[in-house]
Amino acid sequence: MKKIVLAISCCLLMSPAHALAWDGFDYESGNFVEIESGNLVRSGQEIEIFDYADGKYKDVEVVGIDRFGSRVDVEVYDPERDEFRTFEMD
């Protein structure tokens, strides 16, 4: 019985539903963004986002991170748009 419980636990931990994205909102453009799991969100790092404004994935560089209680603002540089953007993440 312990082996069955262990096997089920391992399957649940490795399931695709466990790999969640980090949802956010770009108030300047009025569109949602997602940071896929596996991205290291740190200043100076390049991350991949899904931008609902144009419906595609793009690489942006993290410029800064500010925490306000449970809210996190991630400022990035978007080379495709040649502009800085701030995402409010859930």
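Here are some exercises with worked solutions on a predicted protein model.

**Exercise 1: The overall plan**

Work out how many helices and strands the protein has, and in which order the elements run.

*Solution.* 
Step 1. Count the elements: the protein comes to 1 helix and 6 strands.
Step 2. Read them off from the N terminus: the order is α-β-β-β-β-β-β.
Step 3. Of the 90 residues, 26% are buried. The protein exposes about 6200 Å², and carbon and sulfur atoms supply 56% of that area.
Step 4. Look at the contacts between residues at least 6 apart in sequence: 24% of these join residues at least 24 apart.

**Exercise 2: Strands side by side**

Find the strands that pair with β3, and say whether each pairing is parallel or antiparallel.

*Solution.* 
Step 1. Start with strand β2, residues 31-35. Strand β2 pairs with β3 in the antiparallel sense, over 3 bridges. Within this pairing, Ile35 has Ile49 of β3 as its bridge partner.
Step 2. Move on to β4. The pairing of β3 with β4 is antiparallel too, over 6 bridges.
Step 3. Look at how the chain gets from β3 to β4. The two strands form a hairpin with 4 residues between them. In the turn sits Gly55, which has a positive phi of about 70°.
Step 4. Keep a general point in mind as you look at the strands: in a regular strand, side chains alternate between the two faces of the sheet.

**Exercise 3: A salt bridge across the sequence**

Explain why the salt bridge between Arg85 and Asp51 ties together separate parts of the chain.

*Solution.* 
Step 1. Check the contact itself: the side chains of Arg85 and Asp51 meet in a salt bridge, with 2.9 Å from N to O. The cut-off for a salt bridge is 4 Å, so this pair qualifies.
Step 2. Arg85 belongs to strand β6 (residues 83-89) and Asp51 to strand β3 (residues 46-51), so the bridge ties together parts that are 34 residues apart in sequence.
Step 3. Ask how accessible each partner is. Arg85 is buried, at a relative accessible area of 0%. Asp51 is buried as well, also at 0%.
Step 4. Look at what else surrounds Asp51. Its side chain reaches the backbone nitrogen of Ala53 at 3.0 Å. Leaving aside neighbours within four places in sequence, Asp51 is in contact with Phe32, Val33, Lys56, Lys58, Arg81 and Arg85.

**Exercise 4: Two further salt bridges**

Describe the salt bridges Asp78–Lys58 and Arg81–Glu83, and decide whether their residues are buried or partly exposed.

*Solution.* 
Step 1. Take Asp78 and Lys58. Their closest N and O atoms are 3.6 Å apart. This pair links distant parts of the chain, since Asp78 is in strand β5 (residues 71-78) and Lys58 in strand β4 (residues 56-68), 20 residues apart.
Step 2. Both Asp78 and Lys58 are buried.
Step 3. Take Arg81 and Glu83, whose closest N and O atoms are 3.4 Å apart. Arg81 is partly exposed, at 29% relative accessibility, and Glu83 is partly exposed too, at 34%.
Step 4. The structure holds 13 salt bridges. A network of salt bridges links Asp26, Asp51, Asp54, Lys56, Lys58, Asp78, Glu80, Arg81, Glu83 and Arg85.

**Exercise 5: Rings that meet**

Classify the aromatic pairs Phe25–Phe32 and Tyr77–Phe84 by the angle between their planes.

*Solution.* 
Step 1. Note the total: the structure holds 5 aromatic pairs.
Step 2. For Phe25 and Phe32, the centres are 4.8 Å apart and the planes lie at 70°. An angle over 60 degrees counts as edge-to-face, so that is the class of this pair.
Step 3. For Tyr77 and Phe84, the centres are 5.1 Å apart and the planes lie at 55°. This pair is tilted.
Step 4. Phe32 is exposed, with a relative accessible area of 51%, whereas Tyr77 counts as partly exposed at 22%.
Step 5. Finish with the grouping: ring pairs link Phe25, Tyr27 and Phe32 into a cluster.

How values were computed:
Residues numbered from 1 in each chain as written. Predicted model: local features only at pLDDT ≥ 70, side-chain atom pairs only at ≥ 80, totals over all residues. Heavy atoms only, no water. Phe/Tyr/Trp six-rings, centres within 6.5 Å; stacked < 30°, edge-to-face > 60°. Buried < 20%, exposed > 50% of the residue type's maximum accessible area, 1.4 Å probe, protein only. Contact = heavy atoms within 4.5 Å. Areas by Shrake-Rupley, 256 points an atom, 1.4 Å probe, with all protein chains shown as cover. Pairing = 2+ DSSP bridges. Polar contact = N/O pair within 3.5 Å; in protein donor to acceptor, adjacent residues only side chain to side chain.
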